[in-house]
Each structure stands twice: as structure tokens, then as C-alpha cells.
Amino acid sequence: MPRFHTTSAKDWLDRLDRSRHALTLLFALSMLETLLIPIPIEVILIPWMLCHPKRRWTIAAVALAGNLTAASLGYLLGASVMEQWGDQLIGFFGSQESYEAFRSRLQEEGFMAVLTIGLVPLPFQIAMLGAGASSYPFPLFLLAAMLGRGIRYFGLAALVAITGDAALRLWQRHSRSLGVLGLALFGLWIWYEVAN
């Protein structure tokens, strides 16, 4: 009878990094994180960059490309179907209050409102829908999203370059407990979405 054993996170990341589908998977995960899943992609980016520092800039670029592709789709949703499906979309991605708060902030601050929400680890869905529904200029929306998320992802790559081995040792020491915590949070989110 085969024995079940867990592999280390480092082994899993090594296998992922050697896969010819790794960057495609990262692109897809970045899109999912931007459109649907409220767990920051940094949960994958940080350990991957730490274990494979030579690819950190490529990893950041692919994550950004996935994010911008999803942001464009979210903007298009906001521009095209908010009248018919707005209540359902807003309910799925957040709340009416947060949507209205972002729209009023977008009217007051414009570019900086999108840039700021791209920088902080908050769900980006309401910003995409709000910008599209408000007919905010798409090139400015995309530029603000690119700058905000680019600073986050490439900032992580720079941080990995600066901290290097010390950060890798810290992550290796706590990776299992962080993984369990991440799975628990994801399970809670699924339960919350299904229960409501």
C-alpha cells in the first residue's frame, strides 16, 4: 500500500518552476485573483521568487500581465452589463456601499483612485466595475492599474533581491503554517460565499 506523504513547499515550487506550463498557470491564477478570488497572488509570488530568484522579474511580469488582462475584462463588464446585471455583480464582488464609495472617489480623484486601489491588497473587482460603469477613460484606467499593480509585483521582486537568503530561511521555517492558514482562509471564503 503506497504511503501518503507531503512534499515540502520548496519541492512543489521546484516542480512548478520546471514545468513548461508554470508561467501560463501563473497568468491564469493572476487573472482569477483579479476577477474572482480574494486571496492575494502574493501568497504564491513571494515563495516562488524566493526559491527561484533568477526568475523573479519574469514572475512579476507574468503576474502583472494576468492582472491587466483580467482588469480589462472587469472594466468591459462594468461598461457593458451593469444596467442588466449590476446588482448581482456588485453583490458577488462586494457591497453596494463599497461600490458607491469607489464611484464617488473615482469622480473626485480619478486616476489616483484607481492607482491607490491597485497598490493596496484589497479586491480590485469593484474598481474595475466602477470604472467601466462610469465610462472612465480605459487607457487611463489601464495605466493606473498597471502602475499600482506593477509597483506591488515588481516591488516584491526588488524586496526578494534585497533580502535574499535571510527571507528564504524565514519562509522555509514558517511555510507549512502559512500554507495551512492560507487554505483555512480560502475555505472560510468558500463557506461564506456558499452560505450567503
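**Exercise 1.** Is Trp57 buried, partly exposed or exposed, and at what relative accessibility?

Solution. The model is a predicted one. Trp57 has a relative accessibility of 41%. Buried requires a value under 20% and exposed a value over 50%, so Trp57 counts as partly exposed.

**Exercise 2.** Classify the aromatic pair that Trp57 and Phe154 form, and locate both partners.

Solution. 
1. A pair of aromatic rings is described by the distance of the centres and the angle of the planes.
2. The structure holds five aromatic pairs. In that of Trp57 and Phe154, the centres are 6.3 Å apart and the planes form an angle of 15°.
3. Planes under 30 degrees apart count as stacked, and the pair of Trp57 and Phe154 is accordingly stacked.
4. Trp57 lies in helix H4 (residues 56-93) and Phe154 in helix H8 (residues 138-195); the two are 97 residues apart, and their pair links distant parts of the chain.
5. Phe154 is partly exposed, at a relative accessible area of 30%.

**Exercise 3.** Describe the pair of Phe138 and Phe141, and the accessibility of each residue.

Solution. 
1. With 6.4 Å from centre to centre and 35° between the planes, the rings of Phe138 and Phe141 form a tilted pair.
2. Phe138 and Phe141 are three residues apart in helix H8, so about one helical turn separates them.
3. Phe138 has a relative accessible area of 31% and is partly exposed, whereas Phe141, at 0%, is buried.
4. Both belong to one aromatic cluster that also includes Tyr75 and Phe124.

**Exercise 4.** Which surroundings does Phe124 have?

Solution. 
1. The charged end of Arg149 sits over the ring of Phe124, at 4.9 Å from its centre.
2. Beyond its neighbours within four places in sequence, Phe124 is in contact with residues including Thr34, Ala71, Val114 and Ala145.
3. In the largest nonpolar core, which has 43 residues, Phe124 is among those with the most contacts, as are Leu45, Met49, Phe102 and Phe141.
4. H4 gives the most to this core, with 13 residues.

**Exercise 5.** Where do the buried and exposed residues of H5 lie?

Solution. 
1. The buried residues of H5 are Tyr99, Phe102 and Leu106.
2. Viewed down the axis of H5, these fall within an arc of 65°, and therefore line one face of the helix.
3. The face of H5 turned away from the buried side carries the exposed residues Glu97, Gln107 and Glu108.
4. The cover over the buried residues of H5 includes H4, H6 and H7.

How values were computed:
Residues are numbered from 1 along each chain as its sequence is written. This is a predicted model: local features need pLDDT of at least 70, side-chain atom pairs count only at pLDDT 80 or more; totals for chains, interfaces and linings use all residues. Side-chain values use heavy atoms; hydrogens and water are left out. Rings of Phe, Tyr and Trp (its six-membered ring) pair if their centres lie within 6.5 Å; planes under 30 degrees apart count as stacked, over 60 as edge-to-face and the rest as tilted. Helices (H or I, at least four residues) and strands (E, at least two) are DSSP runs, numbered from the N terminus. Buried means under 20% relative accessible area, exposed over 50%, partly exposed in between (1.4 Å probe, protein chains only). A charge sits over a ring if NZ of Lys or CZ of Arg is within 6 Å of the ring centre and within 35 degrees of the ring normal. A nonpolar core is a set of buried Ala, Val, Leu, Ile, Met, Phe, Trp, Tyr and Cys residues joined through side-chain atoms within 4.5 Å. Contact means heavy atoms within 4.5 Å. The arc is that of the directions from the helix axis to the C-beta atoms.
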